[in-house]
Amino acid sequence: MIDTRKSGFTLLEMMISFVILTIAITGIYKAISSGLFQSGQRVAQYEATEVAISLISEFEVIRPAMPTDGKIGNKWHWTARMGAYLPIETFPPGIRFNQLTVEVFRGNEAEPTVAMSRIMPAEVQNEP
Amino acid sequence: MNRRAGLTFLELLIVMMLLAFVAVLIGGAFDFVRQARERATALEMRQEQIILRGLLRGWVENMSPTAAENEFSGTPERFSFTLSDGLKAKPLAQVVTAEFRLLDPRTARLNLVGLDERGEEIIDESRVFESQLETATLAYYGIKNSTPPRWYEQWQEDHLPQLIRIEAIRGNGDPMPPMIIQPSVAYNQSLISALFPSPPT
């Protein structure tokens, strides 16, 4: 009598191969998802940086008329603050610089996506 | 004994269960691949736009402040200017003009035209800056006729605006990151750096 049970895969072998297949496919899913997520994060980071650069440009020119916080649609909100640039003692007397810091947040996030600063001569500050 | 030759009912059930599981896995994989492809295409477009935004900002910030050299003009639909000498896209071109244009207003394009010393066109490039826009506006901030500075829709003066603003709402309702650029700021900074090569000590 021929033992037909030995001529193909056993159920156990099939189950093991399915488990391996599942693990492999899950790994591929995760790799692709993670790549796309990271690319998306980089684009979002760049866009927030673009918002910050634009705000700094606007502040440099029309600061007295600018608010210190705002929203851009529902996608970003931002805050801006101006302070003395330290360490002042390293500059010669009469020369002072201020530091403008703009923070851009995505949606309603509490942590800023981007924080950028620009140092500018104090006389440009033109505080009201 | 013939009963050993085939699968038992329990084995058949397990095999069918596994097959169903694999079918679901493969079906999900197809859907996942489709979504991943769409997302990757969108990201690729966005990355190209990022490069174009960087180029435009660099060109505008390095524009010569002299009206005869920059030939800047701005309307609600477009603005154009001549690139400063250091930024010519190809060395053979004598004059390179960049134009940002809003079309109808669902698309924004960045065009580049270069002329050689005989006035013949040797560069003619056009790229989509943003597409599928709901609305888009251009504005220019500066002083006209000795009035206090404010935002204008047009700019045809013999001096540059202090700021150029590009704002748009994308097709999905999200705002495009607003682009506010100071014309000539980098050009002027390079002159200051040349005059004062070292910081105060």
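These are my notebook entries on a predicted model with chains A and B.

**Entry 1: chain B in outline**

I began with the element list of chain B. I counted three helices and nine strands there. From the N terminus on, the order reads α-α-β-β-β-β-β-β-β-β-β-α. I then looked up burial: of the 201 residues of chain B, 21% count as buried. I also checked the contacts in chain B with a separation of 6 or more. Residues 24 or more positions apart account for 47% of them.

I took H1(B) next, which covers residues 9–61.

Which residues of H1(B) are buried? I found Gln49(B), Arg53(B), Arg57(B), Trp59(B) and Val60(B). Their packing partners come from both chains. In chain A the partner is helix H1 (11–62). In chain B the partners are strands S3 (95–103), S5 (121–130), S8 (163–170) and S9 (179–181).

For H1(A), I listed the buried residues too. Among them are Glu47(A), Ala48(A), Glu50(A), Val51(A), Leu55(A) and Phe59(A).

**Entry 2: where the chains touch**

How many residues of chain A are in contact with chain B? I noted 30, facing 29 residues of chain B. H1(A) gives the most to the chain A side, with 22 residues. I sorted that side by residue class: 17 are nonpolar, seven polar and six charged.

**Entry 3: the sheet of chain A**

I traced an open sheet of four strands in chain A, with the order S1-S2-S3-S4 and antiparallel pairing. Strands S1 (69–72) and S4 (114–121) stand at the edges. Each has a single partner strand, so one side of each is left without a neighbour in the sheet. Neighbouring strands are turned by 20 degrees against each other on average, direction ignored.

Then I asked what packs on this sheet. H1(A) does, touching S1, S2 (76–84), S3 and S4 of chain A. The direction of H1(A) makes about 140 degrees with that of S3(A).

S2(A) and S3(A) pair in the antiparallel sense over nine bridges. S3(A), residues 97–106, is joined to S4(A) by eight bridges, again antiparallel. I followed Val102(A) across the sheet. Val102(A) is the bridge partner of Ala80(A), and in S4(A) Val102(A) is partnered by Met116(A). Leu100(A) has Arg118(A) as its bridge partner in S4(A).

**Entry 4: a hairpin in chain B**

I moved to S4(B), residues 107–115, which runs antiparallel to S5(B) with eight bridges. Asn111(B) stands opposite Ser126(B) in S5(B). This hairpin has five residues between the strands, and Gly119(B) takes a positive phi near 85 degrees.

**Entry 5: nonpolar cores**

Which residues have the most contacts inside the largest nonpolar core? I found Ala108(B), Ile164(B) and Ile181(B), in a core of 27 residues. The elements that give two or more residues to this core are H1, S2 (78–82), S3, S4, S6 (133–142), S8 and S9 of chain B.

I looked at Ile164(B) by itself. Leaving out residues up to four places away in sequence, Ile164(B) touches Val60(B), Phe79(B), Tyr140(B), Ile181(B) and Pro183(B). Val60(B) is one of the buried residues of H1(B).

A second, separate core has 14 residues. Ala48(A), Leu55(A), Val102(A) and Phe105(A) are included.

Most residues other than glycine have a negative phi. I therefore looked for exceptions to that rule.

Glu71(B) has a positive phi of about 45 degrees. Glu71(B) sits in the loop between helix H2 (67–70) and strand S1 (73–74) of chain B. Is Glu71(B) buried or partly exposed? I counted 14 other C-beta atoms within 10 Å, so Glu71(B) is partly exposed.

Gln132(B) also has a positive phi, near 55 degrees. Gln132(B) lies in the loop between S5 and S6 of chain B. With 11 other C-beta atoms within 10 Å, Gln132(B) is exposed, because the cut-off for exposed is 12 or fewer.

How values were computed: Residues are numbered from 1 along each chain as its sequence is written. Chains are lettered from A and ligands numbered from 1 in the order in which they are written. This is a predicted model: local features need pLDDT of at least 70, side-chain atom pairs count only at pLDDT 80 or more; totals for chains, interfaces and linings use all residues. The expected span of a helix is 1.5 Å times one less than its number of residues. A residue is buried if 20 or more other C-beta atoms lie within 10 Å of its own, exposed if 12 or fewer, and partly exposed in between; C-beta atoms are placed from the backbone. Two residues are in contact if their C-beta atoms, placed from the backbone, lie within 7 Å. Ala, Val, Leu, Ile, Met, Phe, Trp, Tyr, Cys and Pro count as nonpolar, Asp, Glu, Lys and Arg as charged, and the others, Gly among them, as polar. Two strands pair if DSSP finds at least two bridges between them. Axes are lines fitted to C-alpha atoms, for helices over the stretch in contact, and angles run from 0 to 180 degrees between N-to-C directions. A nonpolar core is a set of buried Ala, Val, Leu, Ile, Met, Phe, Trp, Tyr and Cys residues joined through C-beta atoms within 7 Å.
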